[in-house]
Amino acid sequence: MSTEIMPVPPNQTQIDHSMALSGVIAESINNNDGWISFEQYMNTALYAPGLGYYGAGANKIGGDGDFITAPSLGQQFAACLARQCGEILKNLKSEQPAMLVEFGAGTGQLALDLLAHLDTLHSLPQQYLMVETSPELQQRQNQLIKRHRPDLLNIVSWVDHVPVNGVCGVIIANELLDALPVKRFQIDPHGQARELGVALRDGEFVWQLSHQSLSNMLQQRLNRFNLPPGYRSEIGGYAESWARSIGKCLRAGAIILIDYGFPQSEFYHWDRVQGTLMCHYRHMAHDNPFFYPGIQDITAHVDFSAVAAAGCDAGLDVAGYCNQSSFLLSLGLLDSLQQAQEYDSAQTGPTANSISLAREVKKLTLPHEMGELFKVIALTKNYSRKLRGFSMQNHRERL
């Protein structure tokens, strides 16, 4: 991918940064007989301390970043999520303090808006934990809350792992799983799935197949789909391990995960012959993970069936699964827009507020925007009540 077609070509500082990270990856390849797994490449490209895309701490989200997230559009996403979290927190029956735990908090905007809306609903948790290993991001998140709602800081804490005594409450992660490293594979002429990794050729990173097939367990998973020779895709082992380990930490309550992805039957569809790997740089999406590593995001869609199975392994129940549009509409997404439009009808015409709200609602719900591709899955433990967010649609059977 050439810089000539990029909307904003990398500057020299970014290029130097990427070259430094590329050197680290190249050294790993040379020290491992000329080949590393893509999982290792992606992990280094995203999380190498001080050099990886997320490890370096530069701004990623919003107009000046590389992509947009739902919380960056406005407050309606957080308002709906607050209604669901508040409902769960109020109905919990536990002697432990009610907690809300967020993974992948990014700028801290979702935490700020979620807490503000929970306060309005009189449903604040006793503790709000932000699981964040980056000191720079911790500081940004702290400063954002301090600037806008310093009164809420007394219940907010930053940790690098979930409390050892477990969580009673709600664990949330918005667009976390898609950024966890994945294995890539390719079906060989004999129908076997072989791991696709990274090698060096003339100083450039290139794809290279391993001589070894995937494990029998993973092979059996893929055999169900009778994939054709040459078919490439991903297996999100990190996401499955995360769901399994976090599920064991939940004592009572729910885990709510929002991300883009599919159930397994759609994930490994024959039409998806190149898999779901996607990269983002300055709001341009492409499929070349070797383009300036360290200054672009690398993602893969989530296999929600595998995540659900991993959660069940940890003793969780699948309470709900649906698209983001149905989840948010079930939780009153249109309420604020309707109120704003009713206000407008008493005025001379549409106000800036109602126009902005309408734009936000469309972005969150329209099928060609975030409404259909983004899914919501809720995994519960010791919590039997139905969740309001799945009252309009619940497709657990598709998993």
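This is a predicted model: local features need pLDDT of at least 70, side-chain atom pairs count only at pLDDT 80 or more; totals for chains, interfaces and linings use all residues.
Asp297 lies in strand β13, which covers residues 297-299. A polar contact of 3.0 Å joins the side chain of Asp297 to the side chain of Tyr54.

Two helix pairs are considered next. Helix α1, residues 12-30, packs with helix α2, residues 38-47, at an angle of about 155 degrees, and their axes are 10 Å apart. Helices α1 and α2 are therefore roughly antiparallel, because angles over 145 degrees fall in that class. The crossing of α1 and α2 is right-handed. On the α1 side, Leu21, Val24, Ile25 and Ser28 take part in the contact, and they meet Gln40, Tyr41, Thr44 and Ala45 of α2. This contact of α1 with α2 comprises 5 nonpolar and 3 polar residues, with no charged residues.

The second pair consists of helix α3, residues 76-91, and helix α4, residues 109-120, whose axes come within 8 Å and cross at roughly 55 degrees. The arrangement of α3 and α4 is therefore oblique. The crossing of α3 and α4 is right-handed. Helix α3 contributes Phe77, Ala78, Ala79, Leu81, Ala82, Cys85 and Gly86 to the contact, while α4 supplies Leu110, Asp113, Leu114, His117 and Leu118. By class, the residues in the contact of α3 with α4 are 9 nonpolar, 2 polar and 1 charged.

Technical notes
Residues are numbered from 1 along each chain as its sequence is written. Side-chain values use heavy atoms; hydrogens and water are left out. Helices (H or I, at least four residues) and strands (E, at least two) are DSSP runs, numbered from the N terminus. A polar contact is a pair of N or O atoms within 3.5 Å; within protein, one must be able to donate a hydrogen and the other to accept it, and residues adjacent in sequence count only if both atoms are side-chain atoms. Axes are lines fitted to C-alpha atoms, for helices over the stretch in contact, and angles run from 0 to 180 degrees between N-to-C directions. Angles under 35 degrees count as roughly parallel, over 145 as roughly antiparallel, 65 to 115 as roughly perpendicular and the rest as oblique. A crossing is left-handed if the near helix is turned anticlockwise from the far one by less than a right angle, and right-handed if clockwise. Contact means heavy atoms within 4.5 Å. Ala, Val, Leu, Ile, Met, Phe, Trp, Tyr, Cys and Pro count as nonpolar, Asp, Glu, Lys and Arg as charged, and the others, Gly among them, as polar.
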